[in-house]
Amino acid sequence: MNTKKILLVEDEKAIRDMIGFALRRAGFTIIEAENCRDGRAALVDARPDLAIVDWMLPDQSGLEFTRQLKREPEYRDLPVIMLTARAEEGDKVAGLEGGADDYITKPFSPRELVARINAVLRRVSSVPLGDVIECEGLRLDPAAHRVLAGEQPVTLGPTEYRMLEFFMLHQDRVYSREQLLDRIWGGNVYVEERTIDVHIRRLRKALQEFGYDRLIQTVRGAGYRFSVRAE
Ligand code: CA
């Protein structure tokens, strides 16, 4: 029995009902909110494990809501799946860059949504608790789920954290986008290869102020590599 709590922020009742029904049947506990204000109150009260946020909401855009959450230490690790009626690639990238961990375009089947939720939850909870991994002063502590640059904490979203962990455990090897999807996302068929580039960009940006972005190297025509040696 799955007892994960999911917050659903969606103003359209018909969609809320459809999603609520499917998720309850899949064993999740659902907390529903009609707008961002109620969604935020539910975060505080219910401490959900994942949030599904609609893009178009009455009081604020779901994208802005997600961006705000990802800026707050308390909520930045909360996985967010964005719902949208927009199918354009630019919007999708904006959604991911806004901090969403995944993205689903309406109309979608409840089954697809459940598969994505499970994939995202697997991704954020399957971190093996091993020793601290250290690389030229950049330290990743799996037990504390924390990354430090010297003594400074590095703020990463759940996907970027997992990506960095994978890279630090597999240094000096080139991985194609397909291999990275397979290893980091667990072969989730719903994620497109372009998504990798968005998360690489986010990871580099987070490492940039500490000068560690140079470790994430693009290998033209092949993929990405983590290495302390110059490109
Ligand atoms: Ca809406």
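Start by selecting Arg139 and Glu151, whose side chains meet in a salt bridge at 3.8 Å, N to O. A salt bridge here is a side-chain nitrogen of Lys or Arg within 4 Å of a carboxyl oxygen of Asp or Glu. Arg139 sits in strand E7 (residues 138-141) and Glu151 in the loop between strand E8 (146-149) and strand E9 (152-153), so the pair ties together parts 12 residues apart in sequence. (Helices, H or I with at least four residues, and strands, E with at least two, are DSSP runs numbered from the N terminus.) Arg139 is partly exposed, with a relative accessible area of 28%, while Glu151 is exposed, at 68%. Those words have cut-offs: buried is under 20% relative accessible area, exposed is over 50%, and partly exposed is in between, using a 1.4 Å probe and protein chains only.

A quick word on what you're looking at: this is a predicted model, where local features need pLDDT of at least 70, side-chain atom pairs count only at pLDDT 80 or more, and totals for chains, interfaces and linings use all residues. Residues are numbered from 1 along each chain as its sequence is written, and side-chain values use heavy atoms, with hydrogens and water left out.

Next, pick Glu165 and Arg162, another salt bridge with 3.8 Å from N to O. They are three residues apart in helix H6 (residues 158-169), so about one helical turn separates them. Both Glu165 and Arg162 are buried.

Now jump to Arg177 and Asp197, a salt bridge of 2.8 Å, N to O. This pair links distant parts of the chain, with Arg177 in helix H7 (residues 177-184) and Asp197 in helix H8 (residues 193-208), 20 residues apart. Arg177 counts as partly exposed at 27% relative accessibility, and Asp197 is partly exposed too, at 21%. The structure holds 20 salt bridges.

Keep Asp54 selected and show the metal. Which protein atoms are donors of the calcium ion? They are Asp11 (OD), Asp54 (OD) and Met56 (O), lying 2.1 to 2.3 Å from the ion. Donors are N, O and S atoms within 2.8 Å of the metal (3.2 Å for Na, K and Ca); water is not among the atoms, so sites may look incomplete. Asp54 is buried, with a relative accessible area of 2%, whereas Met56 is exposed at 53%.

Zoom out and colour domain 1 (5-125) and domain 2 (133-226) separately; these bounds come from an automatic or database domain assignment. The two domains bury about 1700 Å² between them, 49% of it on carbon and sulfur atoms. Buried area is the accessible area (1.4 Å probe) that two parts lose on being put together, summed over both. Select Arg76, Leu96 and Arg123: they supply 33% of the area that domain 1 buries against domain 2, more than any other three residues. Between the domains, the salt bridge count is zero.

For the last stop, find Gly221 in the loop between strand E11 (216-219) and strand E12 (223-226). Gly221 is exposed, with a relative accessible area of 88%.
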